[in-house]
Amino acid sequence: MKALAATLLIALLAGCATPPSGPQYDHTYTAKGQASRARFLVLHYTVSDRANSIKILTQQEVSAHYLVTDDPVPVIYNLVDEKNAAWHAGNSSWKNFTQLNNSSIGIEIVNPGWKDTPNGRVYAPFAQSQIDAIIPLVRDIVTRHHIAPENVLGHSDIAPLRKQDPGPMFPWRQLADAGLVAWPNAARVAQVTPIFQTQIPDTAWFQKKLHTWGYGIVESGVLDEQTRTVLSAFQMKYRPSNIAGVPDVETAALLEALTNPSGPLPPVPPSIYRPVQPETAPPPQFQPVQPVQPAQPVQPPQAPTPGQPVPPVPPAPPAATQPLDQAAPPLPPAGNPATPPSPVQQ
């Protein structure tokens, strides 16, 4: 009897239980057509020490998905879940995408950044222990989200007019050697370098190539401040030994190798200089040679016939002379030729 009562009580309580609220989901099936929202991975430096970096990234509006410290054995903090947007990119663009907070994962690296000195701006290096921690972190992220190597970027790539991080001291080449970052093929660079040594492309060419690779740049055709700044951002990543923002041969070769890695080579531009022809004297003008007339035989004087008178010899005409008191015609003044020369054609 007690057992029956207990069973009835359990049934009664089950009938009175509150059903779960909200929609119920069945996860039996998974759609094939889907992809991660994360298309880009962006690296930054914090411009601060460890303690302040943690405080800023956790207590202020700015944030990042990961923070890599500068401890002897770096700690990797996961501050924002990857399914959520972190506020690290700001006003940004790459290729046809803008406002990259919603489509990127951000990694902050503890590093003091740069300082201005009497000898110019000096950037702080990164400890190799940090790079050794960053490489497997980047590999894990790009593998899970299928992020292409050309979309592993610095803050200076996506916002070049206002950001410089992670700066020219960040060893992008190590990430490229690990297959995580797109890098210009050295053989292709060597192949196209002689073409640009003949003549460096104009500003419009550099702007077009930078835009093709992904940078947000106005193609004005003018070497203005924004063009120099974007060139400097490109050089920070691919040619950090010289980040002056000057369009030079090496930068042109790197851009060509990245944007045209295997297509037809660009045509060799015609030289802007015409070859100098050696000066030669005009050929002398020869007068035709007159044939030599045979000499007439000299007739010996004939002796006068006896009894015949000898004809008189006519007197020689007087030599023409100029009176001493008659002045010679004046010479043209020195430096003023009588006939003005023709203008030289430039």
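This is a predicted model: local features need pLDDT of at least 70, side-chain atom pairs count only at pLDDT 80 or more; totals for chains, interfaces and linings use all residues.
The protein chain contains nine helices and nine strands. Of its 346 residues, 34% count as buried. Among contacts in the protein chain with a separation of 6 or more, 65% are accounted for by residues 24 or more positions apart.

Two packed helices are described by the angle between their axes and the distance between the axes. For helix α7 (residues 203–213) and helix α8 (residues 225–238), the axes come within 11 Å and cross at roughly 55°. An angle from 65 to 115 degrees would count as roughly perpendicular and one under 35 degrees as roughly parallel; α7 and α8 are therefore oblique to each other. The crossing in which α7 passes α8 is left-handed. On the α7 side, the contact involves T203, F206, Q207, L210 and W213. These residues meet Q226, T227, V230, L231, F234 and Y238 of α8. Sorted by class, the contact of α7 with α8 comprises seven nonpolar and four polar residues, with no charged residues. An α-helix has 3.6 residues a turn, so residues three or four places apart point the same way.

Helix α8 also packs on helix α9 (residues 249–259), at an angle of about 80° and with the axes 11 Å apart. This angle makes α8 roughly perpendicular to α9. The contact is formed by L231, F234, Q235 and Y238 in α8 with T251, L254, L255 and L258 in α9. By class, six residues in the contact of α8 with α9 are nonpolar and two are polar, and none is charged. L231, F234 and Y238 are listed in the contact of α8 with α7 and also in the contact of α8 with α9.

Helix α9 is mostly covered, with eight of its 11 residues buried. The buried residues are T251, A252, A253, L254, L255, E256, A257 and L258. They pack against α6 (186–198), α7 and α8. Among the buried residues of α9, T251, L254, L255 and L258 take part in the contact with α8.

The segment after α9 includes P266. Residues under 20% relative accessible area are classed as buried, and P266, at 19% relative accessibility, therefore falls in this class. Leaving aside neighbours within four places in sequence, P266 is in contact with V192, I195, F196 and E256. P266 and V192 are 74 residues apart along the chain, and their C-alpha atoms are separated by 7.9 Å. E256, one of the contacts of P266, is itself among the buried residues of α9.

Leaving aside neighbours within four places in sequence, F170 is in contact with L43, I109, F126, I131, I134 and L175. F170 and P240 are 70 residues apart in sequence, with a C-alpha to C-alpha distance of 9.1 Å.

Most residues other than glycine have a negative phi, and most peptide bonds are trans. The peptide bond from D165 to P166 is cis, with omega near 5°.

For Q99, a residue other than glycine, phi is near 50°. Q99 is located in the loop between β5 (97–98) and β6 (104–109). With a relative accessible area of 43%, Q99 is partly exposed. H146, which is not a glycine, has a positive phi of about 55°. The loop that holds H146 runs between α3 (128–145) and β9 (152–154). H146 has a relative accessible area of 70% and is exposed.

Definitions and conventions:
Residues are numbered from 1 along each chain as its sequence is written. Side-chain values use heavy atoms; hydrogens and water are left out. Helices (H or I, at least four residues) and strands (E, at least two) are DSSP runs, numbered from the N terminus. Buried means under 20% relative accessible area, exposed over 50%, partly exposed in between (1.4 Å probe, protein chains only). Axes are lines fitted to C-alpha atoms, for helices over the stretch in contact, and angles run from 0 to 180 degrees between N-to-C directions. Angles under 35 degrees count as roughly parallel, over 145 as roughly antiparallel, 65 to 115 as roughly perpendicular and the rest as oblique. A crossing is left-handed if the near helix is turned anticlockwise from the far one by less than a right angle, and right-handed if clockwise. Contact means heavy atoms within 4.5 Å. Ala, Val, Leu, Ile, Met, Phe, Trp, Tyr, Cys and Pro count as nonpolar, Asp, Glu, Lys and Arg as charged, and the others, Gly among them, as polar.
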